[in-house]
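Subject: Structure for you to look at

Hello,

Here is the structure I said I would pass on. My notes on it follow below.

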Amino acid sequence: MYSLSPADLELQATARAFADELIGFEVTAEEHDGRLPDPVAKQHHERAVELGLYATNMPESVGGRGCTALQQVLVQEQAGRVTNALGWCMHTPPAWWPEVANDVQRERWLLPTVRGEMQECYAITEEGAGSDVSAIRATARRDGDDYVLDGEKWHVTSYNEAAYAFFQAVLTDGPQAGSQALFVVDLPSPGVRVVRTPAYSHTIAHEHPIVAFEGVRVPASHLVGGEADGMTFVYEWFRFERLMVAARCLGAAERLVEAATRFAQERVVQGAPLIERQLVAAMLADSATELFAARAMTYETARSIDDGLDRKLLHGRCSMVKLYASEMANRVADRAVQVFGGRGYMRENVAERFSRELRVERIWEGASEIQQLIIADQLGKRGLAALV
Ligand SMILES: Cc1cc2nc3c(=O)[nH]c(=O)nc-3n(C[C@H](O)[C@H](O)[C@H](O)COP(=O)(O)OP(=O)(O)OC[C@H]3O[C@@H](n4cnc5c(N)ncnc54)[C@H](O)[C@@H]3O)c2cc1C
């Protein structure tokens with residue numbers, strides 16, 4: 001099915017077996033604010049690296065696995081089967097970096113990141129700038145050989161795990177004044193402080209604090225690409241990560257359909273298994289059907305990346321798969337809770353955890369409404385045939 005090559009199938013099987021191992025730790029994580037003992041978390045990380053499931057998106061020239069887009073989807077799909085973000089140990093560093101990293105960035109951060117020795121975080125969103133990245137207020141001022149960075153960033157995922165942050169800011173002066181630029185900032189650095197660490201719906205070890213950058217001085221070598229390139233990387237990141245969000249949603253939906261089906265076969269109500277009750281059967285049937293549709297779209301989009309489809313066309317397609325797969329997975333999770341009944345509301349149940357965890361997939365990397373705007377814009381500009 002899906003015409004996967006022997007190499008694709010092998011990688012998929014490795015990722016699936018590893019995801020199954022991680023699943024065994026979910027309830028412990030849930031009971032401990034998402035955290036596993038340090039040696040256990042370290043072992044998962046090391047195993048992901050050893051199995052070749054880490055940095056699958058990175059080219060071999062920087063030590064990455066050099067997987068095709070479809071293979072990256074297959075791995076992230078398995079990562080998505082695991083709750084409590086335990087699958088995040090199959091991490092993908094920023095795919096656009098190898099092409100533009102200067103020597104300092106390559107040696108100091110990129111290569112160790114690809115080896116799995118350090119991790120990054122992204123400080124882009126602000127209190128007044130989320131969907132509309134062009135509204136950010138953080139600034140970068142050139143001062144001799146340095147830049148001085150100021151701004152407050154929200155929802156900085158994995159800040160507590162990261163060795164450095166990508167910080168997006170508007171240039172205050174110079175020929176590119178008013179453009180957005182991206183910088184690498186070591187963590188910790190003088191002038192960087194956590195304002196507060198809010199609690200979120202999901203139970204995961206990665207925090208999303210609000211972080212203040214106050215007069216943070218970085219050498220010019222910390223500028224990624226050119227001064228006006230900031231938004232280019234944001235778009236590159238969105239295209240990649242929207243596809244990976246879709247992939248993880250497929251994995252989550254698969255696990256939920258399997259778990260709910262098994263339960264419906266075993267649970268006997270008024271003398272018959274639940275699966276024989278047509279109202280329950282319809283929920284399972286709709287979930288399986290929508291999963292099939294989402295998977296076909298996602299694999300097809302990954303294949304069109306591997307075939308070198310024009311980036312502009314990919315932008316709309318990645319929005320379509322992100323929109324459809326994230327909405328689909330949330331519908332599937334909601335139905336799974338319903339099929340499980342009271343058990344589905346218990347935190348020890350996979351449907352309960354996914355019903356909280358999947359909600360953000362409709363928000364981050366561009367909320368569903370933003371994807372709809374992008375798709376409609378592409379439809380108007382390029383016509384239906386270019387999109388579907
Ligand atoms: C758990 C979590 C982790 C995150 N991690 C990171 C991170 O690591 N780094 C980072 O930089 N950011 C991160 N984010 C931020 C995330 O990308 C933003 O929350 C998201 O882009 C939405 O922005 P916002 O929250 O400001 O919502 P807003 O932009 O205020 O939007 C609110 C609502 O209005 C809708 N809306 C907005 N504009 C329009 C429009 N033009 N037309 C119609 N509807 C519209 C949106 O779809 C949404 O439903 C994270 C967020 C969360 C919740």
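A polar side-chain atom of Thr-157 lies 2.6 Å from a nitrogen atom of the ligand. Please keep in mind that this is a predicted model.

The ligand

The backbone of His-155 places a polar atom 2.9 Å from a nitrogen atom of the ligand, and a backbone N or O atom of Ile-124 is 3.1 Å from a ligand oxygen. On its own the ligand would expose 970 Å², and the protein buries 63% of that. The ligand has 17 residues around it, and those that come nearest are Thr-125, Ser-131, His-155, Thr-157 and Glu-369. Helix α11, residues 368-382, contributes the most to this shell, with three residues.

The side chain of Tyr-200 reaches the backbone oxygen of His-208 at 3.2 Å. Tyr-200 sits in the loop between β6 (192-196) and β7 (210-219). Its relative accessible area is 31%, so Tyr-200 is partly exposed. Thr-28 is 172 residues away from Tyr-200 in sequence, and the two C-alpha atoms are 18 Å apart in space.

Ser-158 belongs to the loop between β3 (146-153) and β4 (164-171). Is Ser-158 buried or exposed? With a relative accessible area of 4%, it is buried. Not counting residues up to four places away in sequence, Ser-158 touches Trp-88, Gln-119, Glu-120, Cys-121, His-206 and Glu-207.

Backbone points to check

Ser-158 has a phi near 70°, which is positive although the residue is not glycine. Asn-84 is another non-glycine residue with a positive phi, near 60°. Asn-84 lies in the loop between α4 and α5 (97-100), and at 1% relative accessibility it counts as buried. Separately, the peptide bond from Leu-187 to Pro-188 is cis, with omega near -5°. Pro-188 is in the loop between β5 (180-186) and β6.

Helix α1

Helix α1 covers residues 6-23, which makes 18 residues. From first C-alpha to last it reaches 25 Å, close to the 26 Å expected at 1.5 Å a residue. Its buried residues are Asp-8, Leu-11, Gln-12, Ala-15, Phe-18, Ala-19, Leu-22 and Ile-23. Why do they lie on the same side of α1? They cover an arc of only 145° around the axis, and that puts them on the same side. The buried residues of α1 pack against α2 (26-31), α3 (38-50), α4 (69-79), α7 (230-266) and α8 (278-306). On the face turned away from the buried side are the exposed residues Pro-6 and Glu-10.

Helix α10

Helix α10 (residues 350-357) is largely enclosed by the rest of the structure, because seven of its eight residues are buried. These are Val-350, Ala-351, Glu-352, Arg-353, Phe-354, Arg-356 and Glu-357. Their cover includes α2, α7 and α9 (311-340). At the N-terminal end, Asn-349 caps α10, with a side-chain oxygen 2.7 Å from the backbone nitrogen of Ala-351.

Regards

Methods. Residues are numbered from 1 along each chain as its sequence is written. This is a predicted model: local features need pLDDT of at least 70, side-chain atom pairs count only at pLDDT 80 or more; totals for chains, interfaces and linings use all residues. Side-chain values use heavy atoms; hydrogens and water are left out. Helices (H or I, at least four residues) and strands (E, at least two) are DSSP runs, numbered from the N terminus. The expected span of a helix is 1.5 Å times one less than its number of residues. Buried means under 20% relative accessible area, exposed over 50%, partly exposed in between (1.4 Å probe, protein chains only). The arc is that of the directions from the helix axis to the C-beta atoms. Contact means heavy atoms within 4.5 Å. A residue is near a molecule or strand if one of its heavy atoms lies within 4 Å of it. A polar contact is a pair of N or O atoms within 3.5 Å; within protein, one must be able to donate a hydrogen and the other to accept it, and residues adjacent in sequence count only if both atoms are side-chain atoms. Accessible areas come from the Shrake-Rupley method with a 1.4 Å probe; for residues, only the protein chains shown count as cover.
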